[in-house]
Amino acid sequence: MSNSISVLIVDDSAFARFAISKQIGAHPEMKVIGTARDGIDALEKIKQLKPDVVTLDVEMPKMDGLAVLKHVMSEYPTPVIMLSSLTSEGAETTLKALDMGAVDFFLKPSSAAPAGLSPEMVNDLVTKIRMAAKTDVSRMKTIATVPRKSQAMEKKARKPRASIQNKVIVLGCSTGGPRALHRVIPSLPGDLPAAMLVVQHMPPGFTKSLANRLNDLSEVEVREAQEGDALKPGLVLLAPGGSHMTVNEGGRVSLNQGPMECGLRPAANVTMESVAKAYQKTALGVVLTGMGNDGTRGAGLIKKFGGEVVVEDESTCVVYGMPKSIVDAGYADRVLPLSQIAGEITKRCHVNLEMALEV
């Protein structure tokens, strides 16, 4: 097919190269134009073949996946999907890759799964490749330098946590979300008079690593949510992968493994709806880059109860899916580029705080 998506498979495992190539190549929209066994081989073939999308293994001889990605983003800008393992080390490396410009990641089956990719896994990878092929790689710039932990901690000392909580914020994101969160969360002031609940579509283990990384860079406190956590101003709680996160009127967090929403768990809809019901006019929904329409129904309920909704503009989204769905539904109060989201959150919280103090 002349309009098929050309894919280069990079993996040091001959079995993985065979299994992935066979499954992806059988899809009518895909064409595997080559495979590479190591990083050096990968760079040569990317230069020669100019694939639409590269699937890139993290651990390889001669040159690992992160080194290859660095070269690709600077010399041959191409959408890259990282092939990762479900381990703490894999999570850390994957987050680094997303920071460096990888569009998304895919969890490889373990060596204990000789059958290779299940039909569900194939569908997931095909969807990610299809999405990556449409991505504007020029938007995948390396995240701007942010303070080291010592500097961030000094800032926390200068800006104590606010004593008044006048907003409860729910922030939802998916594809491109980790990089977007690295722009937004570290830009929030430590004395933000609001609690924030973040729903990023990621598997278990990855969300804890993401929360720890954000905490090291931010004035606000960031951590993975636990059952019974209390909402507090200046505290950001990240929904654990594999669990929906809700909050009650008493400001306590609950986690559950209820039915998937939009095929996801955690899902922004679930968290947004619970916050809308519990906090009504003081709820603020924020939706950043991501594929699909998770967050739309939740945004609708936030608006129904008198709350506000802010979404990321198409110009900065890696994937303009979740925000677009909310805009199309008429639920967005403001549509802003990513660089202005943190300022808008802060402004809305402080405007609400001023009103509360006047009363």
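The model is predicted, so local features need pLDDT of at least 70, side-chain atom pairs count only at pLDDT 80 or more, and totals for chains, interfaces and linings use all residues. Residues are numbered from 1 along each chain as its sequence is written, and side-chain values use heavy atoms, without hydrogens and water.

Start with the whole chain. It has 12 helices and 14 strands. Here helices (H or I, at least four residues) and strands (E, at least two) are DSSP runs, numbered from the N terminus. Of its 359 residues, 54% are buried, meaning under 20% relative accessible area with a 1.4 Å probe, protein chains only.

Now find the largest pocket. Rolling a probe the size of a water molecule over the atoms shows where empty space is left. On a 1 Å grid over the protein atoms alone, a pocket is an open set of points where a 1.4 Å probe fits, with protein on both sides within 12 Å along at least five of seven lines; lining residues have an atom within 4 Å of a point. The lining holds 34 residues, and D124, K128, H201, M202 and L264 lie nearest the centre. Helix α5 gives the most, with 5 residues.

Finally, look at D229. This residue sits in the loop between β8 (221-224) and β9 (235-238). Is D229 buried or exposed? D229 is buried, because its relative accessible area is 10%. Its contacts (heavy atoms within 4.5 Å) beyond four places in sequence include L237, G251 and V253.

Definitions and conventions
Buried means under 20% relative accessible area, exposed over 50%, partly exposed in between (1.4 Å probe, protein chains only).
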